[in-house]
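The following questions and answers work through one model, first as a whole chain and then around a single residue. Please keep the sequence and the structure in view while reading.

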Amino acid sequence: IRPEMAALNAGSLNYLKARSDGRWAWPPLLFDNPVDKVEKFIRAMQQVGAVPECECFDTGIVRSIELYRQVGLLPEPIHISLVMGVASGMPAKAEWLPLLVAEMPRGAHFQTIAIGRDEVWPVHRRCAELGGHLRTGVEDTFYLPDGSKTDSNGRLIEALVKVAREVGREIATPEQAREIVGVQPVPHGPA
């Protein structure tokens, strides 16, 4: 199995969440992604032909992507996922998106990974308006735009397709998505 695209945690973050009673929701964690670890992941992805998808949990990580590009670590086109809604990272706020996009390398592709409830849908809409890619799933939210709880990823995808079309975007086919992302076709059959 060869992944076409793989998540690249592009920087470190203290992963924290507090409960209403003042205790930690879980023991404090460090998403430990120093530059040498990021470089190893990039090289491993290059060896198997996987396109890196740079997951950015905070604004400094977004800004680091340009630095990785400057030193020749990241191939173009660059793909950035703005992970928004983690308590100790970037909030899931649509008004942040233009500022974050301005910090990305020119020509970078981007998407939002919006974690939360009601706040995720304005983030998706703004991402689509700004030309970003869209993704969703129950790993990010359990809630549909009307506030009801979803029973599947399919219903979330249907709602996201509606958002995209409402702002004048069309949905890519799998082949078009691979072309946009820069996935190299895998030869089938004997060589």
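Predicted model: local features only at pLDDT ≥ 70, side-chain atom pairs only at ≥ 80, totals over all residues.

Q: In what order do the elements of the chain run from the N terminus on?
A: The chain has six helices and six strands. Read from the N terminus on, these elements follow the order β-β-β-α-β-α-β-α-β-α-α-α.

Q: What is the radius of gyration of the chain?
A: For 191 residues the globule rule gives 16 Å, and the value for the chain is close to this, so the chain is as compact as a globular protein of that length. The C-alpha trace spans about 60 × 40 × 35 Å along its principal axes. The radius of gyration itself is 17 Å.

Q: Is Met 90 buried or exposed?
A: Met 90 sits in the loop between strand E5 (79-84) and helix H3 (97-102). Residues that Met 90 touches beyond four places in sequence include Phe 57, Val 62, Leu 82, Trp 96 and Leu 100. Because its relative accessibility is 1%, and the cut-off is under 20%, Met 90 counts as buried.

Q: What distance separates the C-alpha atoms of Met 90 and Thr 59?
A: Thr 59 is among the residues that Met 90 touches, although the two are 31 residues apart along the chain. Their C-alpha atoms are separated by 7.0 Å.

Definitions and conventions: Residues numbered from 1 in each chain as written. Heavy atoms only, no water. Helix = DSSP H or I, 4+ residues; strand = E, 2+ residues; numbered from the N terminus. Rg over C-alpha atoms; globule rule 2.2 N^0.38 Å. Buried < 20%, exposed > 50% of the residue type's maximum accessible area, 1.4 Å probe, protein only. Contact = heavy atoms within 4.5 Å.
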